[in-house]
Amino acid sequence: MTAEQHLTGERPLGSVSAALATVFPESSTVTADGTLAIGGVPATELADRFGTPLYAYDEAGIRRQLRRYLDGFAARRPGSKVLFASKSFPAVAMYRLAAEEGAMIDVAGGGELEFALRAGVDPAHIYYHGNAKTTAELARAIEVGVGTIIVDNEDELDRLERLLTAPQQLLLRIRPGIEAATHASQATGGDDSKFGLPLAQAHRAIERMRAHPLMDLRGVHVHIGSQILDVAQFGEAVERVAQLGEFEVYDLGGGLGVAYTPADRAPEIDDYLDTLIEAANAHLPRSATLLIEPGRSVVARAGVTLYRVVSVKHTGRTFVAVDGGLADELDAALADQVFTPVVANRMRDDASLEAQLVGRQCESGDLLVDRAQLAPARVDDVIALAATGAYGYTFANNYNGARKPAVVFVRDGVAREVVRRETYDDMLATQVG
């Protein structure tokens, strides 16, 4: 506790609830009047100033988490590289933050590439992924000097043969045949996955790439899925990729899972890195450069989504309805993700109310949290949903004409808007009929 917190009565969140402290941002505190604060700013102040729904991020927490990856990986394997998987949080400010900390950038589409460029990321530090890159996307990547393109299939090789006029560094994505223990929508390395080539076909593609004078094949890439809590599966993927032979570079992907509820037991970054390095030392050349692509585990815990309560309805069950929903937290439906909510302005009150925390979209599936345990909620209360820093902003949409929320970074008592709230004029600007 800082001297300032002692004088103001502010307390670390863990002193109020050790369980909640595992899923809310590292900088979370509770003010003297019982309000959740992120980075030293009360959630109510953020909601009043920037409106709701609102994505609020603990900037210092993101930087600390990135440093755990960067420093931990470099200490175990000098010369290794950490790529931020930007699909998890594709905001220009996040690209800039990741680059400032020394991370490379993983993009998987034309928009993500342009965001990275707008953030000032060196194109040589960008790795371009995707299972269905168009000719236009590949041409743009080559034009701006993207450092490495990760090839997914032989049709992509056809496009590159037509486009390349100078040497281009490439990796080949393989499908290792590992059924990751995660939600089906987040598994990417099984035999039925749309990503990469199975080992038998990969050999043919490797021969083709090595024979081409402008295809500078550096190595291979493997990714088995997202929100994976069993680190042993990452080691298994390393063993599978070793069957393709020796290369200069092995991109071992990402996918480390996080805790969304106090009951979740997510692996530590050190456990994940130890597993990868042990497998790499056993199966891969010691001289090879290793890459990893964390995304969710960098930003999930650092982010919260703030809402206003619009209605509390008792009709046999209690429904607490907020001013957001599937338009800003689609992962609740896509991956059946279970989140942890609190009434942010009454953190010291007992969570004695069991309620359906629902959104405002016209969909019965617009259920943010089933049987949420909350302090008795009232209209205009502020609800904070924990660990929404990954894929909330990514999946934001305009269902029922919802405007995409603003994004703020909070640090040392200062909040700054890094993405403004979408306006109706923004939405209408694309309408030409």
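Strands, loops and a cavity

Q: In this predicted model, how many bridges join strand β6 to strand β14?
A: Strand β14 covers residues 289–292 and runs parallel to β6. The number of bridges that join the two strands is 2.

Q: Which residue in β7 stands opposite leucine 83?
A: Strand β7 spans residues 104–107, and β6 pairs with β7 in the parallel sense over 3 bridges. The residue of β7 that stands opposite leucine 83 is methionine 104.

Q: What is the handedness of the β-α-β crossover from β6 to β7?
A: The two strands are parallel partners, with 3 bridges between them. On the way from β6 to β7 the chain passes through helix α5, residues 92–101. The handedness of this crossover is right-handed.

Q: How many of the 5 residues of β6 are buried?
A: Strand β6 runs over residues 81–85. A residue counts as buried when its relative accessible area is under 20%. The strand is mostly covered, and the number of its residues that are buried is 4.

Q: Which lysine does UniProt list as a modified residue?
A: The feature in this unreviewed entry is "modified residue: N6-(pyridoxal phosphate)lysine". The position lies in the loop between β6 and α5. Its contacts, not counting residues up to four places away in sequence, are Asp106, Ala108, Glu112, Tyr391 and Thr394. The lysine that UniProt lists is Lys87.

Q: Is lysine 87 buried, partly exposed or exposed?
A: Buried means under 20% relative accessible area and exposed means over 50%. The relative accessible area of lysine 87 is 28%.

Q: Why does glycine 255 count as buried?
A: Glycine 255 lies in the loop between β13 (249–251) and α11 (269–283). Leaving aside neighbours within four places in sequence, glycine 255 is in contact with His223, Gly225, Ser226, Gln227, Ile228 and Phe234. The cut-off for buried is under 20% relative accessible area. Glycine 255 counts as buried because its relative accessible area is 12%.

Q: What is the relative accessible area of proline 294?
A: Proline 294 is placed in the loop between β14 and α12 (296–299). Not counting residues up to four places away in sequence, proline 294 touches Tyr69, Val82, Leu83, Phe84, Ala85 and Gly254. Proline 294 is buried, and its relative accessible area is 3%.

Q: What is the volume of the largest cavity?
A: Rolling a probe the size of a water molecule over the atoms shows where empty space is left. The count of cavities of 30 Å³ or more comes to 1. The volume of the largest cavity is about 40 Å³.

Q: Which helix gives the largest share of the lining of the largest cavity?
A: The lining residues are Val222, His223, Ile224, Phe234, Ala237, Val238, Leu252, Gly254 and Leu276. The largest share is 3 residues, and the helix that gives them covers residues 232–241. That helix is α10.

Q: Which elements are included in what covers the buried residues of α10?
A: The buried residues in α10 are Gln233, Phe234, Gly235, Ala237, Val238 and Val241. What covers them includes β10 (168–175), β12 (215–221), β13 and α11.

Q: Which strands stand at the edges of the open sheet of 4 strands?
A: The order in this sheet is β1-β2-β3-β4, with antiparallel pairing. Strand β3 (residues 36–38) is joined to β4 by 2 bridges, and alanine 37 has proline 42 in β4 as its bridge partner. Each edge strand has a single partner strand, so one side of each is left without a neighbour in the sheet. The strands at the edges are β1 (11–12) and β4 (41–42).

Q: What distance separates the C-alpha atoms of alanine 375 and serine 352?
A: Alanine 375 is in the loop between β19 (367–374) and β20 (382–385), and it counts as buried at 6% relative accessibility. Among its contacts beyond four places in sequence are Ala351, Ser352 and Leu353. Alanine 375 and serine 352 are 23 residues apart along the chain, and their C-alpha atoms are separated by 5.7 Å.

Notes. Residues are numbered from 1 along each chain as its sequence is written. This is a predicted model: local features need pLDDT of at least 70, side-chain atom pairs count only at pLDDT 80 or more; totals for chains, interfaces and linings use all residues. Side-chain values use heavy atoms; hydrogens and water are left out. Buried means under 20% relative accessible area, exposed over 50%, partly exposed in between (1.4 Å probe, protein chains only). Two strands pair if DSSP finds at least two bridges between them. A crossover is right-handed if, with the strands pointing away from the viewer, the path from the first strand over the helix to the second runs clockwise. Contact means heavy atoms within 4.5 Å. On a 1 Å grid over the protein atoms alone, a cavity is a set of points where a 1.4 Å probe fits but cannot get out, and a pocket is an open set with protein on both sides within 12 Å along at least five of seven lines; lining residues have an atom within 4 Å of a point. Grid points are joined across faces, edges and corners, and a volume is the space filled by probe spheres set on the points. UniProt positions are given in the numbering used here, feature names are shortened, and annotations may be inferred rather than shown by experiment.
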